[in-house]
Each structure stands twice: as structure tokens, then as C-alpha cells.
Amino acid sequence: MSFCENKVFTEGDIETAFNAGRESVVENIPRLLFKETREGLIADNSIFEFIYHIYKSASVDEPKYAFAISYETPIQWYDTLEETMDAANEDYRKRIKQALGL
């Protein structure tokens, strides 16, 4: 018996499959691609109507990095550029999960 011949699915089966599909979308989201521009490092996420910006602190001795969406004020500073990019990607994933109701 093939899968197509068994056409008896419960509402729970369908909901489970749908939710697994949504989770799969989130798990396979590509990382934000930051590129150098006149405004600094930016990533256009192509899903939402805002752009991620990475800022570098003015401190020469101990530079810190932060990200913000569009032109908001950064709220948290990170020690490295890599940590900042990771945090921006985590924020991006969180927003997608929220939009999908996960």
C-alpha cells in the first residue's frame, strides 16, 4: 500500500505536518549576508521591510559592535564583529518564527 492510497488523515496529522513544514522553513533560513556600503555593513533580509545595520563604536582602544534594524539606536554592544553578526541572525530568525506563529 502506498502513501497515496491511504487517504485517511486526522486533523492532528495534518496540523503536525504543517507545523513540521514551518519549523523546516525556519531551520533552513540562510544567514544574513552583510555587505560593505557607504553607510557601513548592512544586510537586506528580503523578507521584512527593514535592513540590518552593524555599527562600530567610536572607541579606538576597545571597539565594540552593535546591530540595529533600519536606523534605530543599537541597544546592545558586542565584543566582536562575529558576535554581532550572530546576534543579528538570531534576531532575524526570532522575527521569522514570530511571524509564522512558532
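This is a predicted model: local features need pLDDT of at least 70, side-chain atom pairs count only at pLDDT 80 or more; totals for chains, interfaces and linings use all residues.
I'll start with strand S4, residues 65-69. How many of the residues of S4 are buried? The count is 5 of the 5, so the strand is largely enclosed by the rest of the structure. In a regular strand, side chains alternate between the two faces of the sheet. In S4 both of those faces are covered. Tyr65, Phe67 and Ile69 are buried on one side, and Ala66 and Ala68 are buried on the other.

Next, the partner of S4. Strand S3, residues 51-56, pairs with S4 in the antiparallel sense, over 5 bridges.

Is serine 57 buried or exposed? Its relative accessible area is 18%, and the cut-off for buried is under 20%, so serine 57 counts as buried. If we leave aside neighbours within four places in sequence, serine 57 is in contact with Glu62, Pro63, Lys64 and Trp77.

The largest nonpolar core has 17 residues. Those with the most contacts inside this core are Leu32, Phe34, Tyr52, Ile54, Phe67, Ala88 and Tyr92. Strands S2, S3 and S4 and helix H2 each supply at least two residues of the core. Which of the elements gives the most to it? That is H2, with 4 residues.

Strand S2 covers residues 40-44, and alanine 43 lies in it. Alanine 43 has 0% relative accessibility and counts as buried. Not counting residues up to four places away in sequence, alanine 43 touches Leu32, Leu33, Phe34, Ile51 and Tyr52. For a sense of scale, alanine 43 and glutamine 76 are 33 residues apart in sequence and 18 Å apart in space, C-alpha to C-alpha.

Last, the surface. Val25, Leu100 and Leu102 form a nonpolar patch there, and together they have about 220 Å² of accessible area. Leucine 102 sits in the segment after helix H2, which runs over 81-100. With a relative accessible area of 36%, leucine 102 is partly exposed.

Technical notes
Residues are numbered from 1 along each chain as its sequence is written. Side-chain values use heavy atoms; hydrogens and water are left out. Buried means under 20% relative accessible area, exposed over 50%, partly exposed in between (1.4 Å probe, protein chains only). Two strands pair if DSSP finds at least two bridges between them. Contact means heavy atoms within 4.5 Å. Patches are made of residues with over 30% relative accessible area and no salt bridge: like charges are joined within 9 Å, nonpolar side chains (Val, Leu, Ile, Met, Phe, Trp, Tyr) within 5 Å. Accessible areas come from the Shrake-Rupley method with a 1.4 Å probe; for residues, only the protein chains shown count as cover. A salt bridge is a side-chain nitrogen of Lys or Arg within 4 Å of a carboxyl oxygen of Asp or Glu. A nonpolar core is a set of buried Ala, Val, Leu, Ile, Met, Phe, Trp, Tyr and Cys residues joined through side-chain atoms within 4.5 Å.
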